[in-house]
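Hi,

Here is the structure I said I would pass on. Have a look at it first, and then read on for what turned up in it.

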Amino acid sequence: MSADPHSFPQAAHWTQLWRTGVLHSCSHGIEGNYDGELRLFWERNAAVLPQGARVLDVGTGNGAIALLIHRFRPDLQVVGTDLADVDPRSNVANGRELFSGITFLPRTPMHAIPLADGSVDLLASQYAFEYAAQGPALQEFSRLIGPGGRIAWILHSTNSEISRISSRQAQAIADVLRSDGIFDRAEQVIKELYAAKASGPSFLSGSRTAEQSRLAFNEAAGALVDRALAERDLPVLGRSVGILQDALGPAAQDPSTALRRLQSGRAMLAEEAARLQELMRATRSEDEMKRLAYALGAQGMNSGFEPLMYRGVNMGWALEAVRE
């Protein structure tokens, strides 16, 4: 049985991401499923497996890697686990058809996977293992991987483009959500509209505070739009503009709806910031990768790693290992 979902509140912001229906965590930069060198990495590792072998994809999210492997080798038994409350069949468009034949185990930590000893032929992970506690996870993986079994992982790197963009995205969210920032100013404008709705439209025309709130918001909004246009590689800025437009659209007629939309948008951005901060903590340097290879060696795994390039861009570390 999988673990109690209430035991893992740290996965809540990931659960929310997967419920939006994105197939993978790089959806803002890669449309559809992974392609190019990323897809080839998984096809190459699946190609060497015997007929009917079992693949375990830990940290599966909405099943992007499980789906790539299953489509390339439909004869394989593919199982995806995740600490988050994932449900790719329901979350992803056409999920019931896409993921037919793949088993998913949600709310399952890497140190407690309900599969038999030695039952895994390939243990896969893309941008997932590095988030877990290494010691307990490696001990569990050692139990699961049988003789001749393999590991194939793609991990976040301190030198990757993902790390660089994530750092800038996190800072952009912090700027947008800071105290007395544009969201606070938008909220103040909505509160002034609340007061006008209760006191009558003449309240706004005679209120110096309301005028100051409007001018402060307009100044911040202009700065945000200018920045979003100048830094198009930071999609969170454009999303922030969209959230504010959606919230303030009905503000004059329905301030309560405007406030709910604003608060929902703020919460969504805060969840994204939490995921980005977690990602940056999970990045691995070359020295840390060497220590990981050593730890795998202690578990009887012969491993090697190298940077993984995708369309000329560093996407992280590619690590492969075989149980001797």
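Predicted model: local features only at pLDDT ≥ 70, side-chain atom pairs only at ≥ 80, totals over all residues.

**The whole chain**

The protein chain has 324 residues, and 48% of them count as buried. Its secondary structure comes to 13 helices and 7 strands. Along the principal axes, the C-alpha atoms fill a box of roughly 80 × 35 × 30 Å. If you take the contacts with a separation of 6 or more, 73% of them are between residues 24 or more positions apart.

**The loop between S4 and H6**

Back to alanine 132, which sits in the loop between S4 and H6. Leaving out residues up to four places away in sequence, alanine 132 touches Met110 and Ala137. Another pairing to look at is alanine 132 with leucine 83: they are 49 residues apart in sequence, and their C-alpha atoms are 9.6 Å apart in space.

Phenylalanine 129 belongs to the loop between S4 and H6 too. With a relative accessibility of 1%, phenylalanine 129 counts as buried. Which residues does phenylalanine 129 contact, once neighbours within four places in sequence are left aside? They are Met110, Gln134, Ala137, Leu138, Phe141, Trp153, Leu155 and Leu292.

Tyrosine 127 is buried, at 7% relative accessibility. Its phi is near 50°, a positive value in a residue other than glycine.

Asparagine 94 is another residue with a positive phi, near 60°, and again it is not a glycine. You will find asparagine 94 in the loop between helix H4 (88–91) and helix H5 (95–98). Is asparagine 94 buried or exposed? Its relative accessible area is 58%, so asparagine 94 is exposed.

**Helix H6**

In H6 (residues 134–144), the buried residues include Ala137, Leu138, Glu140, Phe141 and Leu144. These residues cover an arc of only 160° around the axis, so they lie on the same side of H6. What covers the buried residues of H6? Among the elements that do so are strand S1 (54–58), strand S4 (120–126), strand S5 (145–155) and helix H13 (286–298).

**Two helix pairs**

The crossing of H1 past H12 is left-handed. On the H1 side the contact is made by His13, Trp14, Gln16 and Leu17, and on the H12 side by Glu271, Ala274, Arg275 and Glu278. By type, the residues of this contact are 3 nonpolar, 2 polar and 3 charged.

H12 also holds proline 255. Proline 255 counts as buried, with 1% relative accessibility. From proline 255 to alanine 321 it is 66 residues in sequence and 58 Å in space, C-alpha to C-alpha.

The other pair is H2 (residues 36–47) with H3 (residues 64–72), whose axes come within 9 Å and cross at roughly 55°. H2 and H3 are therefore oblique to each other. H2 passes H3 in a crossing that is right-handed. Arg39, Trp42, Glu43, Ala46 and Ala47 are the H2 residues in the contact, and they meet Ile65, Leu68, Ile69 and Phe72 of H3. How many residues of this contact are nonpolar, polar and charged? There are 7 nonpolar, no polar and 2 charged residues where H2 meets H3.

That's the tour. Happy browsing!

Terms used. Residues numbered from 1 in each chain as written. Heavy atoms only, no water. Left-handed = near helix turned anticlockwise from the far one by under 90°. Helix = DSSP H or I, 4+ residues; strand = E, 2+ residues; numbered from the N terminus. Contact = heavy atoms within 4.5 Å. Nonpolar A, V, L, I, M, F, W, Y, C, P; charged D, E, K, R; others polar. Buried < 20%, exposed > 50% of the residue type's maximum accessible area, 1.4 Å probe, protein only. Arc of directions from axis to C-beta. Axes fitted to C-alpha atoms, helices over the stretch in contact; angles between N-to-C directions. Parallel < 35°, antiparallel > 145°, perpendicular 65-115°, else oblique.
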